[in-house]
Amino acid sequence: MFLKADGSEVWLQSSTRLPYLSLAGVIETSEDYLIVRSRLGRAYELLSGVASDDAFFVQELAAGCALIFCARSDKNCALVLLGKYDPSREKRKPCGVLEDLVEVIENSVDGIIRQAGATIRFEVVQPELAIRAG
């Protein structure tokens, strides 16, 4: 089992320490999770052995940076940012990188919602650390 440093469950599995940013929430639908999972599986690559439950590759943002959507059968979910987000632009506003990231996340979430056919609400943004327990 893979745990966060505080001992609670972690979305990602890793044989080493792996920091990442997680936007955690819930999938709101009366449909069974397997139906939602099937829809997501048609739109996104299902990654095995990456997360504690299902992980779908949403998109690569830059070299070495990716968005992964993780979901569990209890309909808890997380959008996970892996790697270093560094979009190359010549002229940036002071918060340009953050604004770019927010736009990418909004567009990605809109796409996930369309593909899942369900409302997805993200409630928590937090840094995480995947570590191997035991």
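User: Hi! Is Arg 72 buried or exposed here?
Analyst: Arg 72 is buried, with a relative accessible area of 18%. Since the cut-off for buried is under 20%, that value falls within it. Bear in mind that this is a predicted model.

User: Which residue does Arg 72 form a salt bridge with?
Analyst: The partner is Asp 74, and the closest N and O atoms of the pair are 3.4 Å apart. Asp 74 counts as partly exposed, at 47% relative accessibility.

User: And how many salt bridges does the structure hold?
Analyst: There are four. One of them joins Arg 121 and Glu 28, with their closest N and O atoms 3.1 Å apart. This pair links distant parts of the chain: Arg 121 sits in strand β7 (residues 119-132) and Glu 28 in strand β2, 93 residues apart.

User: How accessible is Arg 121? And Glu 28?
Analyst: Arg 121 is partly exposed, with a relative accessible area of 45%. Glu 28 also counts as partly exposed, at 36%.

User: What does Arg 37 pair with?
Analyst: Arg 37 forms a salt bridge with Asp 54, and the closest N and O atoms are 2.6 Å apart. Here too, distant parts of the chain are linked: Arg 37 is in helix α1, Asp 54 is in strand β4, and 17 residues separate them. Arg 37 is partly exposed at 29% relative accessibility, whereas Asp 54 is buried at 12%.

User: Let's switch to α1 itself. Which of its residues are buried?
Analyst: In helix α1 (residues 33-43), the buried residues are Tyr 33, Val 36 and Leu 40. Looking down the axis of α1, they fall within an arc of 65°, so they line one face of the helix.

User: What do those buried residues pack against? And which exposed residues are on the face turned away?
Analyst: They pack against β2 (18-28), β4 (54-62), β5 (65-71) and α2 (96-116). The face turned away from the buried side carries the exposed residues Leu 34 and Arg 42.

User: What caps the N-terminal end of α1?
Analyst: Asp 32 does, with a side-chain oxygen 3.0 Å from the backbone nitrogen of Leu 34.

User: Last one: where is Lys 75, and what is the nearest side chain of opposite charge?
Analyst: Lys 75 is in the loop between β5 and β6 (76-82). Lys 75 is buried but has no salt bridge, and the nearest side chain of opposite charge is that of Asp 32, 6.5 Å away. Beyond its neighbours within four places in sequence, Lys 75 has contacts that include Gly 25, Thr 29, Glu 31 and Tyr 33.

How values were computed
Residues numbered from 1 in each chain as written. Predicted model: local features only at pLDDT ≥ 70, side-chain atom pairs only at ≥ 80, totals over all residues. Heavy atoms only, no water. Buried < 20%, exposed > 50% of the residue type's maximum accessible area, 1.4 Å probe, protein only. Helix = DSSP H or I, 4+ residues; strand = E, 2+ residues; numbered from the N terminus. Arc of directions from axis to C-beta. Contact = heavy atoms within 4.5 Å. Polar contact = N/O pair within 3.5 Å; in protein donor to acceptor, adjacent residues only side chain to side chain. Lys, Arg positive; Asp, Glu negative; His and termini not counted.
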